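Hi everyone, thanks for coming. Let's have a look at this one together, and I'll walk you through a few spots.

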Amino acid sequence: MNLVISEKAMERAKNFLPGGVNSPVRAFGAVGGTPPFIVKGKGSHIWDLDNNEYIDFVGSWGPLILGHSYEPVLEAVNETVKNGLSFGAPTLKEVEMAEKLVSIVPNIEMVRMVNSGTEAVMSAIRLARGATGKSKIIKFTGCYHGHSDAMLVSAGSGALTQGEPNSAGVTKGAAEDTLTAEYNNLDSVKQLFDANNGQIAAIIVEPVAANMGVVPPMDGFLQGLRDLCDKNGALLIFDEVITGFRLALGGAQEFFGVRADVVTFGKIIGGGMPVGAYATTREIMQNISPLGSVYQAGTLSGNPVAMAAGLKQLEILEKNQSYYIEINKKAQFIANNLRESAEKHNVNITVNQCGGLICPYFTNENVNSFADTQKSNLEQFKCYFNTMLERGIYLAPSQFEAMFISISHTDEDISAFCTAADEALKTL
Ligand SMILES: *Cc1c(COP(=O)(O)O)cnc(C)c1O
């Protein structure tokens, strides 16, 4: 694969952007080589500066569940842009977006729009503390909730890949109210409640952990968290930045049948534009400014162009809920194929799949926790990744990220993936 022009662009980028990028995992640190600079996408395919074509299984890290340059979404954006980009004043699109969210997501009555997943989580945590009058938060090792100070404790995603589970620049004070438990281990949560009686404002969890690869919740785990929160007067926050509108239209609450008190969104909710949101009951949301005393604001929040893109995508998903069945089928097919190829070529593999999220770990042991994810052979992942890229299959450049299936992936794309994966596993 010829990446000459991308290599030059990366050299240029490194002069003025730290590591050449605006988000660390894009730098390809875990897999080596130069990241292709992307110039365009259509459906499931993307093209780079050197005019290489790839089948994209990243989809902008989840938002593009309908594929790149999806016409109705682009049209909605183009229509809105004609009237200007931003007003910092109320617009009808924000109201329509909030109404749509309340109608499709279970157990929420009010919404506040923000500009990223990080911001959604940061604000939801402030709200949980303000509403309960308690200060401590329980999170799970390997779960990523954006880069706000309090959440950069035992975090996943880029923080894992960089080998910096705790970031420099986060003060002890900012981190000391964040307690960490083990994913899929209810006892570890109970112990924290016991040791911090009456002080826990909330548990925050990725209902499917998708920033340490893909680790689905074991039977009873999410319900167990619900019960512990109820027993102890704490709020349950589902960070649905990845699972929202992906596992099901109503997200993980609908998929697993477990109620959350506060839900955070990002990624898919903007249809490719920078959007986040948090949502909860009317009673809890009364605490937010200007109604209540928890302050949270945003100059560009509810931006009409971003709302137009996100809302159009949600409307299309709502009208076509068979998409969820299709995406799950495609993902199952890929997961099974990976297992068969691995067996054929004597490669240790455990493939976790939940809805349109897939992750192959290079180990023969089950992967249900952060500790389990660390058993994957990262050298093998690196070889697998690079062979796939060489064959035009664009994957997230880290073991600790999910592979995202979209409705735009055709049968041909999927068989191209399977052929390439078979060859990649053969070389391990
Ligand atoms: C990506 C992600 C975030 C952060 O969202 P940004 O838009 O990158 O700030 C938060 N939580 C989860 C679960 C995520 O996957």
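Okay, let's start with a pair of strands: β1 and β2, the latter covering residues 45-48, run antiparallel to each other, with 4 bridges between them. In general, pairing in a sheet goes through backbone hydrogen bonds, either parallel or antiparallel.

Before I go on, this is a predicted model: local features need pLDDT of at least 70, side-chain atom pairs count only at pLDDT 80 or more, and totals for chains, interfaces and linings use all residues. Residues are numbered from 1 along each chain as its sequence is written, and side-chain values use heavy atoms, with hydrogens and water left out.

Back to our strands. Who is K40's bridge partner in β2? That's W47. Zooming out, the open sheet has 4 strands in the order β1-β2-β3-β13, and the pairing is mixed. At the edges sit β1 (38-42) and β13 (393-394), each pairing on one side only.

Now, the domains. An automatic or database assignment sets the bounds: domain 1 is 4-69 plus 321-427, and domain 2 is 71-319. Where they touch, 36 residues come from domain 1 and 39 residues from domain 2, with contact meaning heavy atoms within 4.5 Å. Their C-alpha centres are 25 Å apart.

On to the ligand. Which residues surround it? The list includes S116, G117, T118, Y144, H145 and E206, where near means a heavy atom within 4 Å. By class, the shell has 3 nonpolar, 6 polar and 3 charged residues. Here Ala, Val, Leu, Ile, Met, Phe, Trp, Tyr, Cys and Pro count as nonpolar, Asp, Glu, Lys and Arg as charged, and the others, Gly among them, as polar.

For polar contacts, think N or O atoms within 3.5 Å. The D239 side chain has an N or O atom 2.7 Å from a ligand nitrogen. K267 puts a polar side-chain atom 2.6 Å from a ligand oxygen. The protein buries 83% of the 380 Å² that the ligand exposes when taken alone, using Shrake-Rupley areas with a 1.4 Å probe.

You'll find P290 in the loop between α10 (282-285) and α11 (304-319). Thanks, that's my tour!

Definitions and conventions. Two strands pair if DSSP finds at least two bridges between them. Helices (H or I, at least four residues) and strands (E, at least two) are DSSP runs, numbered from the N terminus. A polar contact is a pair of N or O atoms within 3.5 Å; within protein, one must be able to donate a hydrogen and the other to accept it, and residues adjacent in sequence count only if both atoms are side-chain atoms.
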